[in-house]
Amino acid sequence: MKIKLADKIELDKTEMRAVYAAKLVGMMDAGEPVMALDADLMRPIGVLPYKDSHPESIIDCGIAEANMIGVACGLSAEGFIPFTHSFAVFASRRVMDQVFMSGAYAKQNVKMVGSDPGVCAALNGGTHMAFEDVAMMRAVPELTIVEPTDAVMLENLLPKIAHMRGMAYIRLCRTETERIYERGSDFELGRAALLREGSDLAIIAAGREVPEALRAAEALAAEGISARVLDMFTIKPLDTEAVLSAARETGAVVTAENHSVIGGLGSAVAEAVSGGCPVPVERVGVGDRFGIVGKTGYLMEYFGLTAEDIVRAAHRALERKNGAK
């Protein structure tokens, strides 16, 4: 893995859906057996402009997500590499039996995209705001969960996800994200990206929370607190080695995720830490609540997902760490 951080965190004008569509079509054009299946959301995910030129590789399955997974599993059994897409709420809750039985249990090779997870759903509101999708997918045996951080990472990881064997769930914001990485960065599935060294505590983040974690680390540095930052873009299988090294070497951990604190990244990290190197763990995420309607910035504050919330969690973790001495 070779990464280079962008000079500054800023909004990338390249939308994630544009990268997703172009990369999949590029693999199709290269002769790879990749297919794109959708549940009546081809325009929102960016593949619609390519449908006429790739009629046998891009399929609209209609508003029938469970059937779409069944179709994808059949295509997988015939040697294709199907990518399926729907909004994260539908890509997880509506398809679980098909994912578990027709997909994972049958050892198929389907790559599922759940778009607009958590606060990325924004004005679509609580009915479309998946805070529980990672928790559900983590429970499926042998399934890989990836949450790309920005367009650079997504472009690099999509072929690797296509070429790995097995079921995968990709948690994806469709529109612009803040750019963290420079082009040319190379990532390895299953390994966390170390973004910042630190000795007092570690912040382990995924997806939309990665730029917030970096901002929090800067704020903590101004207080004289050294925070390590890890981008845990592969949520399952978790990079347990990186987690335990962070716990041993810093003595305190904060997790940050655009997901419920129940069953997501924070839970996975806490499980690893409790079993391998018990230290204080504070989790930044959404509490036991439903989503609401609002713009993303407002929702970040409402649900406590900002850099300031991570800083407060870091102070709590350090108080616990120092109190245990």
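Helix 1 and helix 7 cross with a right-handed sense, and that crossing is a handy way into this structure, which is a predicted model.

**Helix 1 against helix 7**

- Helix 1 covers residues 16-29 and helix 7 covers residues 151-163; the two pack at an angle of about 35°, and their axes are 9 Å apart.
- On the helix 1 side, the residues that make the contact are M16, V19, Y20, K23, L24 and M27.
- Facing them from helix 7 are A151, L154, E155, L158, P159 and A162.
- Sort the residues of this contact by type and you get 10 nonpolar, no polar and 2 charged.

**Helix 9 against helix 10**

- Here, too, the crossing is right-handed.
- Helix 9 (residues 240-250) packs on helix 10 (residues 265-276) at an angle of about 60°, with 10 Å between the axes.
- Helix 9 brings T240, V243, L244 and A247 to the contact, while helix 10 brings V269, A272, V273 and G276.
- The tally for the residues of this contact is 6 nonpolar, 2 polar and no charged.

**Aromatic rings**

- The model has 7 aromatic pairs, counting rings whose centres lie within 6.5 Å.
- F131 comes from the loop between strand 5 (111-115) and helix 6 (133-138), and F303 from the loop between helix 11 (296-302) and helix 12 (307-323), so the pair ties together parts that are 172 residues apart in sequence.
- F131 counts as buried because its relative accessibility is 3%, and F303 counts as buried at 5%.
- Another edge-to-face pair is Y181 with F187, at 4.7 Å centre to centre and 75° between the planes.
- Y181 has 0% relative accessibility, so it is buried; F187, at 1%, is buried as well.
- Back at F131 and F303, both rings belong to one aromatic cluster together with Y298 and Y302.

**T234, in strand 12**

- You'll find T234 in strand 12, which spans residues 234-236.
- With a relative accessible area of 2%, T234 is buried, since the cut-off for that is under 20%.
- The T234 side chain reaches the backbone nitrogen of G190 at 2.9 Å.
- G190 also shows up among the residues in contact with T234, alongside T144, I145, L189 and R191, once neighbours within four places in sequence are left aside.

**T250, in helix 9**

- T250 lies in helix 9, the helix that packs against helix 10.
- Its relative accessibility is 3%, so T250 counts as buried.
- A polar atom of the T250 side chain lies 2.6 Å from the backbone oxygen of A246.
- Not counting residues up to four places away in sequence, T250 touches G198, S199, D200, L201, A202, R228 and K321.

Key:
Residues numbered from 1 in each chain as written. Predicted model: local features only at pLDDT ≥ 70, side-chain atom pairs only at ≥ 80, totals over all residues. Heavy atoms only, no water. Axes fitted to C-alpha atoms, helices over the stretch in contact; angles between N-to-C directions. Helix = DSSP H or I, 4+ residues; strand = E, 2+ residues; numbered from the N terminus. Left-handed = near helix turned anticlockwise from the far one by under 90°. Contact = heavy atoms within 4.5 Å. Nonpolar A, V, L, I, M, F, W, Y, C, P; charged D, E, K, R; others polar. Phe/Tyr/Trp six-rings, centres within 6.5 Å; stacked < 30°, edge-to-face > 60°. Buried < 20%, exposed > 50% of the residue type's maximum accessible area, 1.4 Å probe, protein only. Polar contact = N/O pair within 3.5 Å; in protein donor to acceptor, adjacent residues only side chain to side chain.
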